[in-house]
Amino acid sequence: YQDCHVLVTHSPPLGIADVSSRSHRGSLAVRNAVFKMNPALHVFGHVHPYGGNVFKLENCQENKENISASGCSDDWSWSRLKTTFVNAASLKVAGLSEYNNRPAPANIFRQPVVIDIRRDTKDVVASNK
């Protein structure tokens, strides 16, 4: 696992940018994999309200509180996790079912998130502009 630099999943890790309709939509298995692998970058989607966000866990108190509230945090994970998280959900709405017979308007799509991983340091630089 130590050679994993980029992890791409559909679901977010449990407790990390995963709240939708007041419940957690993330995966415990994904969170365990992220904490074990400690990739430079984890890209996921699934939870549309957080789409387009780029963050580090250490800089996002809400995520720390979500994980602590679920009883699954530990000091090792907080101090060692260097992963940059990107929620790449492209839709600003939950789905396209209301547009079945007509084109969806362009304003329901988010701008792409551009990621650069520095080859020498594995540092992640992200822009969602």
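This is a predicted model: local features need pLDDT of at least 70, side-chain atom pairs count only at pLDDT 80 or more; totals for chains, interfaces and linings use all residues.
**Whole chain**

Colouring by secondary structure shows three helices and eight strands, which follow one another in the pattern β-β-β-α-β-β-α-α-β-β-β. Of the 129 residues, 36% count as buried. If contacts with a separation of 6 or more are drawn, 65% of them link residues 24 or more positions apart.

**The four-stranded sheet**

Select strands S1, S4, S5 and S6. They form an open sheet with mixed pairing, in the order S1-S4-S6-S5. Strand S1 (6-8) and strand S5 (54-56) lie at the edges, each pairing on one side only. On average, neighbouring strands of this sheet are turned by 20° against each other, direction ignored.

**Across the sheet, pair by pair**

Start at S1, which runs parallel to S4 and is joined to S4 by three bridges. Here, Val-6 stands opposite Leu-41 of S4.

Proceed to S4 and S6, a parallel pair with four bridges. Select His-42 to find its bridge partner in S6, Phe-85.

Finish with S5 and strand S6 (residues 84-87), which pair in the antiparallel sense over three bridges. Val-54 has Val-86 of S6 as its bridge partner.

**Both faces of S4**

Return to strand S4 (residues 41-44) and show its side chains. Which residues of S4 are buried on each side? Leu-41 and Val-43 are buried on one side, and His-42 and Phe-44 are buried on the other, so that both faces of the strand are covered.

In soluble globular proteins, nonpolar side chains tend to be buried together. In this model, the largest nonpolar core has 15 residues; Ile-16, Val-34, Phe-35, Leu-57, Leu-81 and Phe-85 are the members that touch the most others. Now select helix H1 (residues 28-37), which contributes four residues, the largest share of this core.

**Around Val-34**

Which residues are in contact with Val-34, leaving aside its neighbours within four places in sequence? They are Leu-7, Pro-13, Pro-39, His-42, Leu-81, Thr-83 and Phe-85. Two of these contacts lead back to the sheet, where His-42 and Phe-85 are bridge partners.

Definitions and conventions. Residues are numbered from 1 along each chain as its sequence is written. Side-chain values use heavy atoms; hydrogens and water are left out. Helices (H or I, at least four residues) and strands (E, at least two) are DSSP runs, numbered from the N terminus. Buried means under 20% relative accessible area, exposed over 50%, partly exposed in between (1.4 Å probe, protein chains only). Contact means heavy atoms within 4.5 Å. Two strands pair if DSSP finds at least two bridges between them. Axes are lines fitted to C-alpha atoms, for helices over the stretch in contact, and angles run from 0 to 180 degrees between N-to-C directions. A nonpolar core is a set of buried Ala, Val, Leu, Ile, Met, Phe, Trp, Tyr and Cys residues joined through side-chain atoms within 4.5 Å.
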